Each structure stands twice: as structure tokens, then as C-alpha cells.
Amino acid sequence: MRIHLSSVFVDDQEKALRFYTDVLGFVKKAEVPLGEVRWLTVVSPEDPDGTELLLEPDGHPAVKPYKTALVEDGIPAASFAVADVDAEFHRLRELGVQFTQEPLKMGPVTTAVFDDTCGNLIQIVHSG
């Protein structure tokens, strides 16, 4: 068994696609029209057949209060592994990404947290 798909709820799929591809560096994997929304996934260019991230519309009534509570409490909606948190922090900050937590080393783990512009906090992490 392996994880095939995970998702983040986004307030605007087109804006999310631009951010997750143009800024974070993911690549679009699937785009299937579903009426007013799309089944829209991205993957890491390093693993194009790996775990897909669904950019899921946040239209369900339970989602916005959930997202708001997570952001207010500083809880990331997802965590992405990177080779070097400090380098990625500086790269993303140069692109205008707003961080809510600068790189923080906790034993063997370093993390940072940013706003994905679509209503979520996202953590980047490196362990080792």
C-alpha cells in the first residue's frame, strides 16, 4: 500500500495551479473538467508517477471554517519535503512568498511554514 493522492482545499483553482507550478515548481498531472470546477492535480517533477496533490475546491460549507481554524492556530494543511529548508526559504521569499515561520531547527528536523495564497499554510521540511 502507498499514498496515491492527497489534497489541499483551495479558494481558486487557477490561482492555486499558478502558485503550485510557477512558484513551488510542481507540474500539472491531471486536469478533468467537472462542471464549474476541475479534478486538478500536481506532482513533483522529481517523481511524475508519484503521489498526486489534488487542488480541491473549498466550496463545501465545512471547509472554510476548517481552513480558517488551521490558519489561526498556525497549523499547516500539508508538509512538503525539501533538500534544504534554508535554501528553499530564501528562493521562495525572493519570489514574494510570505512565511509565517522562518526556518526552525528542532534536533534533526528543520521546518518553515508559508502561506500558499489559497487559504492554507504549507510546511516545508528536511530531516537528517
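This is a predicted model: local features need pLDDT of at least 70, side-chain atom pairs count only at pLDDT 80 or more; totals for chains, interfaces and linings use all residues.
Local features were taken at pLDDT of at least 70 and side-chain atom pairs only at pLDDT 80 or more, while totals for chains, interfaces and linings use all residues. Residues are numbered from 1 along each chain as its sequence is written, and side-chain values use heavy atoms, with hydrogens and water left out.

Helices and strands are DSSP runs numbered from the N terminus (helices H or I, at least four residues; strands E, at least two). Helix α1 spans residues 13-23. Its buried residues (under 20% relative accessible area, 1.4 Å probe, protein chains only) are Q13, A16, L17, F19, Y20, T21 and V23. D12 caps the N-terminal end of α1. A side-chain oxygen of D12 lies 3.0 Å from the backbone nitrogen of E14. G25 follows the helix, with a positive phi near 100°.

Helix α3 covers residues 85-94. V85, E88, F89 and L92 are buried in this helix. Seen down the axis of α3, these buried residues fall within an arc of 105°, so they line one face of the helix. The arc is that of the directions from the helix axis to the C-beta atoms. An α-helix has 3.6 residues a turn, so residues three or four places apart point the same way. The cover over the buried residues of α3 includes α1, β6 (99-106), β7 (109-115) and β8 (121-127). Contact here means heavy atoms within 4.5 Å. At the start of α3, a side-chain oxygen of D84 reaches to within 3.0 Å of the backbone nitrogen of D86. G96 follows α3 and has a positive phi, near 95°.

E88 lies in α3. Is E88 buried or exposed? E88 counts as buried because its relative accessible area is 18%. Its side chain makes a polar contact with the side chain of R91, at 2.7 Å. A polar contact is a pair of N or O atoms within 3.5 Å; within protein, one must be able to donate a hydrogen and the other to accept it, and residues adjacent in sequence count only if both atoms are side-chain atoms. Leaving aside residues up to four places away in sequence, E88 touches V82 and I124.

E102 lies in strand β6. The side chain of E102 makes a polar contact with that of R93, at 3.4 Å. With residues up to four places away in sequence not counted, E102 touches F89, R93, T111 and A112. E102 and A30 are 72 residues apart in sequence and 32 Å apart in space, C-alpha to C-alpha.

P33 has its place in strand β2 (residues 27-34). P33 is classed as exposed (over 50%) because its relative accessible area is 65%. P33 and T110 are separated by 77 residues in sequence and by 38 Å in space, C-alpha to C-alpha.

T117 lies in the loop between β7 and β8. Phi of T117 is near 70°, a positive value in a residue other than glycine. Most residues other than glycine have a negative phi. T117 is partly exposed, with a relative accessible area of 39%. Partly exposed denotes the range between the buried and exposed limits.

Rolling a probe the size of a water molecule over the atoms shows where empty space is left. On a 1 Å grid over the protein atoms alone, a cavity is a set of points where a 1.4 Å probe fits but cannot get out. A pocket is an open set with protein on both sides within 12 Å along at least five of seven lines. Lining residues have an atom within 4 Å of a point. Grid points are joined across faces, edges and corners, and a volume is the space filled by probe spheres set on the points.

The count comes to one cavity of 30 Å³ or more. The largest cavity holds about 30 Å³ of space. Its lining is formed by K67, L70, V71, I75, P76, A77, G119, N120 and L121. Helix α2 (residues 63-72) gives the largest share, three residues. By class, this lining has six nonpolar, two polar and one charged residues. Ala, Val, Leu, Ile, Met, Phe, Trp, Tyr, Cys and Pro count as nonpolar, Asp, Glu, Lys and Arg as charged, and the others, Gly among them, as polar.

The largest pocket holds about 640 Å³ of space. It is lined by 27 residues, of which F26, V43, S44, F80 and A81 lie nearest its centre. Two or more lining residues come from each of β1 (5-10), β3 (37-43), β4 (52-57), β5 (78-81) and α3. The largest share, four residues, comes from β5. The pocket lining has 16 nonpolar, seven polar and four charged residues.
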